[in-house]
Amino acid sequence: MSLTRKSAAELGRLIASGETSAVEVAQAHLDRITSVEPKVKAFLHVDAETTLRQAREVDDRIARGEALGPLAGVPIAHKDVFTTVDMPTTAGSRILAGWRPPYDATITRRLREAGLVFLGKANMDEFAMGSSTENSAYGPTGNPWDVSRVAGGSSGGSAAAVAAYEAPLSTGTDTGGSIRQPAAVTGIVGMKPTYGGSSRYGVIAFASSLDTPGPFARNVLDAALLHEAFSGHDPYDATSIDAPVPPVVEAARQGDVAGLRVGVVKEFGGEGYQPGVVARFHETVEVLESLGAKVVEVSCPSFGYALPAYYLIAPSECSSNLARFDAMRYGMRVGDDGTRSAEEVMALTRAAGFGPEVKRRIMLGTYALSSGYYDAYYGQAQKVRTLIARDFEAAFHQVDVLISPTTPTTAFPIGERVDDPMAMYLADLCTIPTNLAGNAAISVPCGLADEDGLPVGLQIMAPVLGDDRCYRVGAAVERALAERWGGDLLSKAPAL
Amino acid sequence: MSAITRDEVAHLARLSRLALSDDELDHYATQLDDIIAAVARVAEVAAQDVPPSSHALPLANVFRADEVRSSLTPQQALSGAPAVEDDRFRVPRILGEEA
């Protein structure tokens with residue numbers, strides 16, 4: 001079997017035992033990138049020299065007997081929102097074209113220390129705003145199942161790189177579903193940890209009360225290994241939780257759901273849900289029952305208002321966060337001809353540097369925070385946020401985890417929703433409540449929709465710091481479905 | 001009735017420091033009107049007695065010891081600047097009239 005088809009856990013073992021080297025594994029993935037990237041376009045930046053230098057350093061560290069983690073020498077792609085000192089970081093925006101950050105994000109620094117090798121920076125919706133990666137200033141990413149369709153978003157490049165075997169692992173960020181939704185539509189695993197469980201330091205901010213970095217992988221155990229490798233309290237992030245990392249790896253190895261109480265969210269279904277998505281979801285519910293889980297229906301009445309609340313809260317925070325792009329300290333500067341004022345240069349630069357979705361959200365947030373509208377929009381949305389957290393709290397008194405489809409539909413064609421922001425926003429209907437409440441949720445593959453043959457994701461939501469439950473249930477579903485399919489879902493994807 | 005007028009969008013663009021063309025203002029006025037109409041649904045929720053949440057988790061202020069730590073060098077801090085002069089960020093004029 002080619003090195004690019006192996007799991008991260010297995011690559012880590014083979015490198016540690018000396019059967020292969022970090023350099024060999026990196027080279028195999030760089031070759032795969034060269035061969036499929038013209039179709040997939042998952043990466044914004046690949047630099048073989050930097051990757052191979054990192055790989056040689058890891059091989060040297062292993063040879064010196066340094067104790068590295070289980071993922072030492074394993075390659076990874078990073079969403080281009082994580083700062084990296086040896087690679088440019090653009091957040092998918094023209095305003096940061098070519099920017100070289102002077103420091104590493106906590107997550108990239110920790111992964112370097114653990115011996116992971118960086119393949120490059122993955123494409124994304126500009127400043128993580130979007131559900132299709134079409135809002136990237138550098139063009140859309142193709143879904144490896146059908147490159148004329150979106151790979152989801154905003155972490156579409158990270159998901160596509162893993163689904164296309166260009167990388168065994170990648171990082172993403174999830175503000176309203178930006179890890180889970182692309183994972184679902186590309187047929188891989190994507191996890192949104194508990195808010196504060198993964199550091200935001202060095203992650204270019206979109207909506208600071210919602211942004212949550214997390215892992216992508218082709219299987220549940222690999223995702224758990226990556227989750228564990230970058231998690232833990234970070235004094236550089238004031239919202240980082242100072243508590244032990246939930247036992248995610250152990251849960252992923254165990255995957256036992258006997259006696260577990262599973263709640264099906266009543267509000268997620270009906271109009272707007274594709275029949276093939278609903279069919280695969282119901283089958284998975286039966287699988288869980290056959291494994292001994294007790295499945296009940298649970299009502300979360302405020303979830304129906306999560307989407308409008310989110311599209312007030314997230315743009316409000318973004319309008320404030322993106323004020324830092326002022327053309328003064330870093331990034332693009334336009335129109336500085338010696339006669340214009342700083343304010344004029346700022347407005348010209350922001351108009352030239354930001355794309356349409358970012359401009360829409362900055363203006364929407366500015367509106368929601370305006371005097372006279374604040375109480376009716378932002379204030380009311382914050383109250384809805386409280387009600388959603390209460391719905392979760394009540395539900396987790398009845399059940400151990402909640403489940404739903406990750407997305408209402410499979411991957412849609414590139415271009416279909418790009419001029420219809422409201423239709424685009426619906427892609428995150430099922431994922432947003434978790435961001436508002438700050439709890440944990442994962443998406444794992446649960447089959448292909450009959451009507452289009454494209455992947456469907458199962459979302460598993462757990463309480464705050466109950467991240468291990470997501471992995472436990474995810475691993476159980478993964479194991480049962482692999483038996484049924486005779487392999488993993490990705491093995492059914494057409495060759496690129 | 002529209003939720004937002006073109007003049008209001010022009011005002012928002014000024015507040016947001018976005019120099020938009022007339023065509024862009026027309027385009028965004030239509031789209032923002034649709035979006036605001038949709039998000040205004042939050043008003044349907046009876047929430048008079050509900051406290052607002054600015055954050056997902058209950059968090060108290062976090063303090064750290066006031067100790068000197070290593071930080072960026074001036075060269076690192078200026079490395080991405082559009083214009084630099086004498087180890088400082090060089091910016092366009094910030095006052096309305098030349099002195």
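## A buried aspartate in a loop

Asp400(A) sits in the loop between helix 13 and strand 11 of chain A. Helices (H or I, at least four residues) and strands (E, at least two) are DSSP runs, numbered from the N terminus. This is a predicted model, in which local features need pLDDT of at least 70, side-chain atom pairs count only at pLDDT 80 or more, and totals for chains, interfaces and linings use all residues. Residues are numbered from 1 along each chain as its sequence is written, chains are lettered from A and ligands numbered from 1 in the order in which they are written, and side-chain values use heavy atoms, with hydrogens and water left out.

Is Asp400(A) buried or exposed? Asp400(A) is buried, because its relative accessible area is 16%. Buried means under 20% relative accessible area, exposed over 50%, and partly exposed in between (1.4 Å probe, protein chains only). Leaving out residues up to four places away in sequence, Asp400(A) touches Leu260(A), Arg261(A), Pro463(A) and Arg469(A). Contact means heavy atoms within 4.5 Å.

## Salt bridges within chain A

One of those neighbours is also a salt-bridge partner: Arg261(A) pairs with Asp400(A) at 3.1 Å, N to O. A salt bridge is a side-chain nitrogen of Lys or Arg within 4 Å of a carboxyl oxygen of Asp or Glu. This pair links distant parts of the chain. Arg261(A) is in strand 9 (residues 261-265), and Asp400(A) is 139 residues away, in the loop between helix 13 and strand 11 (401-405). Arg261(A) counts as partly exposed, because its relative accessibility is 32%.

Over all chains, the count is 27 salt bridges. Arg112(A) and Asp86(A) form one of them, at 2.9 Å, N to O. Arg112(A) lies in helix 4 (residues 106-113) and Asp86(A) in the loop between strand 2 (75-79) and helix 4 of chain A, so the pair ties together parts that are 26 residues apart in sequence. Asp86(A) counts as buried, because its relative accessibility is 14%.

Arg200(A) and Asp237(A) meet in a salt bridge at 3.5 Å, N to O. Arg200(A) is in the loop between strand 7 (189-192) and strand 8 (212-217) of chain A, and Asp237(A) in the loop between helix 7 and helix 8 (248-254), so this pair ties together parts that are 37 residues apart in sequence. Both Arg200(A) and Asp237(A) are buried.

Asp80(A) lies in the loop between strand 2 and helix 4 of chain A. Asp80(A) is buried, because its relative accessible area is 1%. Its side chain makes a polar contact of 3.1 Å with that of Lys121(A). A polar contact is a pair of N or O atoms within 3.5 Å; within protein, one must be able to donate a hydrogen and the other to accept it, and residues adjacent in sequence count only if both atoms are side-chain atoms. Beyond neighbours within four places in sequence, Asp80(A) contacts several residues, among them Leu44(A), Pro88(A), Gly92(A) and Met124(A).

Ala229(A) is in helix 7 (residues 220-230) of chain A. Ala229(A) counts as partly exposed, because its relative accessibility is 27%. Which residues does Ala229(A) contact, leaving aside its neighbours within four places in sequence? They are Leu71(A), Arg110(A) and Leu111(A). Ala229(A) and Arg110(A) are 119 residues apart in sequence, yet 7.4 Å apart in space, C-alpha to C-alpha.

## Where the chains meet

In chain A, 67 residues are in contact with 52 residues of chain B. The area buried between the two chains is about 4900 Å², and carbon and sulfur atoms give 66% of it. Buried area is the accessible area (1.4 Å probe) that two parts lose on being put together, summed over both. In chain A, Tyr305(A), Met363(A) and Lys383(A) lose the most area to chain B, together 13% of what that side buries.

Two salt bridges are counted between chain A and chain B. Glu343(A) forms a salt bridge with Arg17(B), with the closest N and O atoms 3.8 Å apart. Helix 13 of chain A gives the most to the side that touches chain B, with eleven residues.
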